[in-house]
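Biologist: Please take a close look at one part of this model. Pick one element and walk me through how it sits in the fold.

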Amino acid sequence: MSDKTIPVKPELLDEIKRLCEENREIALISLCTTDGFSIKSFATRELSAEADKLAAMSSTISALSESAAQQVLKGEFNVTIVESGEGNMLFVRTSYLGLPCVVTVAARVNLSLAKARFATKRMAEVIQKIEA
């Protein structure tokens, strides 16, 4: 990772805004590099999370998921889901401006897991298409 700051493109901000507007139950969205550097994060007031800690956690969970998928299932990691009584957290690998990244989305329990998964995967695909 270089010392350069990764630019936050307007298309990325538009996608975060779109996802939040379409799914009011989403409480947190984070995009970070796979080596744990935060690019952009959004969290509601009630779910304050420090961007740096969230990026470190997201990259670690993603790396462990990738390793488990390869070692046990002999396949590629797609999505990691953490379920709790309050909601779900989803971790999806993507790329942004050519860098390998992780999208993390936390949704309250009122948003079904299927809808949260679809929205997160779609966001990852849109982010991957953003050009430098």
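Modeller: Helices (H or I, at least four residues) and strands (E, at least two) are DSSP runs, numbered from the N terminus. The expected span of a helix is 1.5 Å times one less than its number of residues. Now take helix 2, residues 51-73. Its 23 residues should span 33 Å, and the end C-alpha atoms are 31 Å apart, which agrees.

First, the ground rules. This is a predicted model, where local features need pLDDT of at least 70, side-chain atom pairs count only at pLDDT 80 or more, and totals for chains, interfaces and linings use all residues. Residues are numbered from 1 along each chain as its sequence is written, and side-chain values use heavy atoms, with hydrogens and water left out.

Which residues of helix 2 are buried? Buried means under 20% relative accessible area (1.4 Å probe, protein chains only). Leu54, Ala55 and Ala69 are buried.

Contact here means heavy atoms within 4.5 Å.

After helix 2 comes Lys74. Its phi is positive, near 55°.

Now the setting. The chain has three helices and five strands. Along the sequence they run α-β-β-α-β-β-β-α. Buried residues make up 40% of the 132 residues. Among contacts between residues at least 6 apart in sequence, 57% join residues at least 24 apart. The C-alpha trace spans about 40 × 40 × 25 Å along its principal axes.

Definitions and conventions: Buried < 20%, exposed > 50% of the residue type's maximum accessible area, 1.4 Å probe, protein only.
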